Amino acid sequence: MLLGIVGFAMVILIVAALIRGKSNPVPLFVLVPVVAALICGFGPSQIFKFVTAGVAKTWSTAVLFIFSIVYFSMMGDMGLFDPMVNWLVKKAGTNIMMVTIATACIAVISHLDGALASTLLITIPAMLPIYKKLHMRPVVLVCIIGAAMSIMNLLPWGGPVARTGVVLNADVNALWQQLIPLQGVGLVILMIFAGYMGLMEKRRGAGLNPTGDAARLSSDEDEESQDDTLSSDDVEFMKRPKMIWFNGILTLFVIGLLCFTKIPLYGAFMFGLAVALVVNFHSAKDQARAIKMHAATALTMPMILLASGVFLGVLDKSGMMKAMATMLINIVPTALGPHLQDVFGFFAVPIGMMLGTDSYFFGLMPLAIKVGEQFGVDPHNMAMAMLIGKNYGVMVTPHAATTFLACGLAGISIKELLKFCTPRLWVLSWFSLLGGLMLGLFHL
């Protein structure tokens, strides 16, 4: 009981502090879990083992971020995305909805491999310059990508479906075949949502010549980012108009490595960055200068990712996660027993935010199925409702590495992402659940 209570208190405290912007994530993810573990009676040597296990889960993504952010930042500075941005802006004009719908389409195609990180690494660098030029909020870009990943993550090679298949001891392809109609409905919902977000941005005054809230926000951002803006000398130093074709082919090759090989994601960007530096900059001094321009951004997020490993290690290895899942089951009123799948489907996003993916599917779902059976709830119904609802929390899990990867690539804070995306994606999960109910994937 103590482990569960302390676990919930720890998660709620961290999420609340992140949303309110009361502290940088690094001290939160390190100090709060350590204090929580001490309260639960664990000694320093045990806590050190928790930390080691947790950091082992996040270090590869931290390395990925260091190399990917420098790579894409360099490519942007060298003008790689300028032709595409100018073409899309010319075609879109003031049609902001076209940009948001295009974002959804690119994210859907990018997520065909089922990998969250590669979807972010492909979609955000491609679309962010357009959003900035049209004075659209980057958090809108991230929210649309989150919605696209949520429905595309139901592919059989996506993690959630595979995990559900393991829990149910069912064939993954058979599960996916049942989910295909829902994916079709989800894509329609996604396009409507993307169009709606574009309409909201247009009403804010977004466009080449911003007005209203968009103009005020643009002015504020300009003032806040003056220190981060490259000097005119740096801009001239980085421009490589004659190298656009080579850099474009290199970027496509790196993306190909991400999508079609089993090479680690960070390995692909290590290779790409090394080649880009050697070909575009012919002295050690110039190469160092190019890297240094983006060193601050490239190191800030990896520090947060490594710190989140402390949180994950304590939450998992201390037994808090299992205790929290058990408590969630025990607090459900008996009267709601026959509708347990609806309860967990409805609250899947916030529950998933607290537990994380593996603990949700391998910890909570088996317990929920077992309890549900006592009230006559079919295991398949329970699993489907929990799967469909949880998928929309992939972008707003505050201790997931990909959440911070999205923040870093888009240049937004975790506070901004959670406050903006969580309510919208949660509502989308209800529409998806309604679609699943109407298609007979689960029953009330």
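Start by selecting cysteine 105: this residue is partly exposed, with a relative accessible area of 33% (buried means under 20%, exposed over 50% and partly exposed in between, using a 1.4 Å probe and protein chains only). Cysteine 105 is in no disulfide, and the nearest cysteine sulfur, 16 Å away, belongs to cysteine 143. A disulfide here is a pair of cysteine sulfur atoms within 2.5 Å, and the whole structure has 0 of them.

A word on what you're looking at: the model is predicted, so local features need pLDDT of at least 70 and side-chain atom pairs count only at pLDDT 80 or more, while totals for chains, interfaces and linings use all residues. Residues are numbered from 1 along each chain as its sequence is written, and side-chain values use heavy atoms, leaving out hydrogens and water.

Next, click cysteine 407. It is buried, at a relative accessible area of 1%, and is in no disulfide either, with the sulfur of cysteine 421 the nearest at 8.4 Å.

Of its 144 residues, Met74, Ile124, Phe344, Leu364 and Leu417 touch the most other members. Colour helix 7 (residues 138-152) too: its 12 residues are the largest share of this core. Helices are DSSP runs of H or I, at least four residues, numbered from the N terminus.

Zoom in on methionine 74. Beyond neighbours within four places in sequence, its contacts (heavy atoms within 4.5 Å) include Leu273, Ala276 and Leu277.

Finally, select helix 13, residues 265-280. Among its buried residues are Leu273, Ala276 and Leu277.

Technical notes:
Core = buried A, V, L, I, M, F, W, Y, C linked by side-chain atoms within 4.5 Å. Helix = DSSP H or I, 4+ residues; strand = E, 2+ residues; numbered from the N terminus. Expected span 1.5 Å × (residues − 1).
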